[in-house]
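Here is a walk through a predicted model. Keep the structure open and follow the residues as they come up.

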Amino acid sequence: METLHTVTEQHAHATAHGHDGGHHHTETFISKYIFSLDHKTIGKQFLITGMVWAVIGGLFSVLFRIQLGWPDETFPFLERMFGAWYTDGKLNPEAYYSLITMHGTIMVFFVLTASLSGTFANVLIPLQLGARDMASPLMNALSYWFFVISGIIMFSSLFLPTGAASAGWTIYPPLSALPQTSPGSGDGMTLWLISMVLFVVSTLLGGLNYVSTILNMRTKGMSLFKMPLTVWALFFTAIIGILSFPVLVSGVVLLIFDRTLGTSFYLSHIVIGGVPQPYAGGSPILFQHLFWFLGHPEVYIVILPAMGMVSEILAVHARKPIFGYKAMIFSILGITILGFIVWAHHMFMAGINPFLGSVFTFFTLLIAIPSAVKVFNWITTIWKGNLHITAPFLFAVGFVSMFISGGLTGIWLGNSTIDIQLHDTYFVVAHFHIVMGIAAFFGMFAGIYHWFPRMFGRMMNTNLAYIHFAITFIGSYLIFWPMHFQGLAGVPRRYYTNNNFEIFAVFNGMNKVISIAAIIVFLAQLLFLVNFFWSIFKGKKSSQNPWNANTLEWTSPVEGIHGNWHGDIPEVHRWAYDYSRPGNESDFIPQNFPLTEKEKTEADH
Amino acid sequence: MAEVLEIKEHHTVHQLPTADNGEGGEKSPMNISYGKTMMWYFLLSDAFTFSAFLIAYACLRLGHKWWPNPNDVFNAMPFMGHHKIPMGFVSIMTFILIMSSVFVVRAVQEGHRMNKKGVMYWMFWGILGGAAFLGCQAWEWQHLLAEGMRPFYNVFYEGKDGLTTLWNVHEQGKPLFSPGPVAFGALFFGITGFHGFHVFTGVCLNIWGFFATANGTFEKRGHYEMIEKLGLYWHFVDLVWVFVFLAFYLM
């Protein structure tokens, strides 16, 4: 067996540190699996909670796709399953709006923010940096439990007689501010806002922990520029979260005041049922600015961890060093900075000054540069590589494909003039689902398949994974590619039905195809879940380093112990991407292997 | 398994004061402990929260043709009856808060000298300053509320020649639409309230720091870094007040 870890000394270090101190020697089920302070367990908790949310969010999309595909049919069996959301076998319009709102909220925040960052930052940061645990394990656990509470509140809003929030995941006022405007703007909206404030607390606790762990807890030799790209990506993700989520809190707090105290931050000139309301001087555009100051960086919070993992996975499975390591880091930095100054491209049609629109167009198009740097680096990394076509590799390549397809339409939408035509159409839906939804899911799947052996000590079934990939990859394009054409033709997004528009009848067949593809893709994810849970218990036992990767997490014991390493923490001597080095007998050199004499002389010159 | 358990027993890192994490690890870029790193990043985050509020303030205020003159709104003083002293009371409040920050600076300094008594002495004055500030704020709020000011209703309207005039709700009644810009009261109560909430949190944390000092917690730990972290937060809250003061009272 290749024991690549140098940590065989069986003595415990007197100054051992960095893992949870609150534990007793005898662990109960509850302290080990429920209220755990161990970063690996918390990572798994984030993952499995996220999976539950992904199934709920995906199921919602299936429900409203059924409505969009077959707007004239009735589905009595769905009425039996979902009761009040249906009348005479048809989805109620209010329920439809709740479903799209909750689908967006769940997928963007609960799955692709909390669960994606939460899982991989927790599992990978301490393991890849050589730390015994997070800087503050208690805050880490609190971050998870705030996420759970926030989720429970959001989930409970589904059972309200007035329905869950229904103003869209962007909750624009006045629709979200005045309970009279729609049933979902009543208690459902209140619970949405409370849930989201708690969610931000969770994100902040997690993010502060990730940043300080990365800056302060690295093992000897792990200088910043020796860190794997996953950690770099998670670092910038955490910073984006720390700086942008508070602005959402400000926006949400003012919205709560408008709803409860009767203030007019976002309201003006409102007449309901012929009665003028005493709101004056507020601006709904102000909310859009505050919301999108979070909302836009949010898409980078979603995509950066996936980018980091894909960089790592492509290098490992192509057996080649990552192409342009520093270019990758600086392009992430570039995306992070630019990501904060492009938010108003979501508001081109909201009545902002056209001059402002052109400024935001300029910055938006600039983002194409670092994005393209990353794409070219991924392609050049696998170029002429010794490709191992594994499940993580396939999903990583799928990520790159999705990112390119969705990124190109971003250049269209970033132009304020073209956006006049495309705003609020299915073109936008297709764009952001491909570039940040599906792409981020592909990154997440790649990460799960790649690090599953480190998380659970077993391998996932490869054949099931191939089937999962094939259906998901083809199916995702089948769902979203046709939407570009619908959008170009002007089909508006969010509408309950397009039956009233004679001109859109040509898309009836296309809508059915999209909906059928959506159902099949959803079922394929259940296949993934079966593979995941089956493999936890029955999967093939993993070897110490199943992918022959260089990073430190593969030197930590397979069974996963508190403190991560027996004895001393491995020391780092080289970067993470020494794959297929000429003259070296194996095609990888782990980070904890000392430099050879030859390398030392090379480094001196 | 035995060695793992042993690691737990010796676990001490959460109390380590410096960036050196004990196992020969890399130093943090600024060579500060993880706790301070966290506090700085938290303050950055909180700075964005307040910036968002103040930008919202600027947006709404610039959207109005007329805005009440702070000299005619904030001119009351306790025990002075109807004497009008523009900015008088808020100047006292601001002075108290800044002095409280100075006291906490002294506490941190005594902490570096490992002088437990000194830390307690200056923390006490810092806490007292914070509490006094909150008291002043409470008085100011109740005074404005008594004048008929509400988050959803503004009684300071544009009178003759654009002069700020008080609409006496007790005598003149209460029309459906508020006489002055509604956003004025909403922003004032919202933002000073949010700042006051921060001061309140800071006072609570400082009280905890005072008792932890008295218990000898930090003395046993060998350093008073916690007081320093509390100080960072306290100065931040003070700094935010400077901007809030500028926005609401001076402009």
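Helices and strands here are DSSP runs, a helix being at least four residues and a strand at least two, numbered from the N terminus. Asp161(B) sits in the loop between β1 (156–158) and β2 (164–166) of chain B. Its phi is near 55 degrees, a positive value in a residue other than glycine. Most residues other than glycine have a negative phi, and most peptide bonds are trans. Is Asp161(B) buried or exposed? Asp161(B) is exposed, with a relative accessible area of 74%.

Arg319(A) is not a glycine, yet has a positive phi of about 55 degrees. Look for Arg319(A) in the loop between α8 (284–318) and α9 (325–339) of chain A. Its relative accessible area is 2%, and the cut-off for buried is under 20%. Arg319(A) is therefore buried.

Next comes a peptide bond. Pro173(A) and Pro174(A) are joined by a cis peptide bond, with omega about 5 degrees. Pro174(A) belongs to the loop between α5 (137–156) and α6 of chain A.

Now take the helices of chain A. α7(A) has 32 residues. From first C-alpha to last, α7(A) reaches 45 Å, close to the 46 Å expected at 1.5 Å a residue. Where in α7(A) does the kink lie? The kink is at Ile242(A), shortly before the proline Pro246(A), and amounts to about 25 degrees. Of the 32 residues of α7(A), 29 are buried, so the helix is largely enclosed by the rest of the structure. Just after α7(A) comes Gly262(A), with a positive phi of about 80 degrees.

Helix α12(A), residues 391–414, has 24 residues. The reach of α12(A) from first C-alpha to last is 34 Å, close to the 34 Å expected at 1.5 Å a residue. α12(A) is mostly covered, with 17 of its 24 residues buried.

Turn to the spaces inside. Rolling a probe the size of a water molecule over the atoms shows where empty space is left. The model has five cavities of 30 Å³ or more. How much space lies in the largest cavity? The largest cavity holds about 180 Å³. It is lined by 18 residues, and the closest to its centre are Thr113(A), Ser117(A), Thr203(A), Gly207(A) and Tyr210(A). Three elements of chain A give two or more residues to this lining: α4 (93–129), α6 (187–216) and α7 (229–260). Which element gives the largest share of the lining of the largest cavity? That is α6(A), with six residues. By class, the lining of the largest cavity has eight nonpolar, ten polar and no charged residues.

The second largest cavity has about 80 Å³ of space. The residues that line it belong to chain B, and include Phe74(B), Met87(B), Phe89(B), Trp139(B), Glu140(B) and His143(B). The elements that give two or more residues to its lining are α4 (88–112) and α5 (116–146) of chain B. The largest share, four residues, comes from α5(B). This lining divides into eight nonpolar, three polar and one charged residues.

One of the lining residues deserves a stop. Trp139(B) lines the second largest cavity and has its place in helix α5 of chain B. At 23% relative accessibility, Trp139(B) counts as partly exposed. Trp139(B) and Gly216(B) are 77 residues apart along the chain, and their C-alpha atoms are separated by 36 Å.

Finish with the cysteines. A disulfide is a covalent bond between the sulfur atoms of two cysteines. How many disulfides are there over all chains? The count is zero. Cys136(B) is in no disulfide, and the nearest cysteine sulfur to its own is that of Cys204(B), 18 Å away. A disulfide needs sulfur atoms within 2.5 Å. The two cysteines can also be placed by accessibility. Cys136(B) counts as buried at 12% relative accessibility, whereas Cys204(B) counts as partly exposed at 37%.

Methods:
Residues numbered from 1 in each chain as written. Chains lettered and ligands numbered in written order. Predicted model: local features only at pLDDT ≥ 70, side-chain atom pairs only at ≥ 80, totals over all residues. Heavy atoms only, no water. 1 Å grid on protein atoms, 1.4 Å probe; cavity = no way out; pocket = protein on both sides within 12 Å on 5 of 7 lines; lining within 4 Å. Points joined across faces, edges and corners; volume = space filled by probe spheres on them. Nonpolar A, V, L, I, M, F, W, Y, C, P; charged D, E, K, R; others polar. Buried < 20%, exposed > 50% of the residue type's maximum accessible area, 1.4 Å probe, protein only. Expected span 1.5 Å × (residues − 1). Bend = angle between axes of the 7 residues up to and from the residue.
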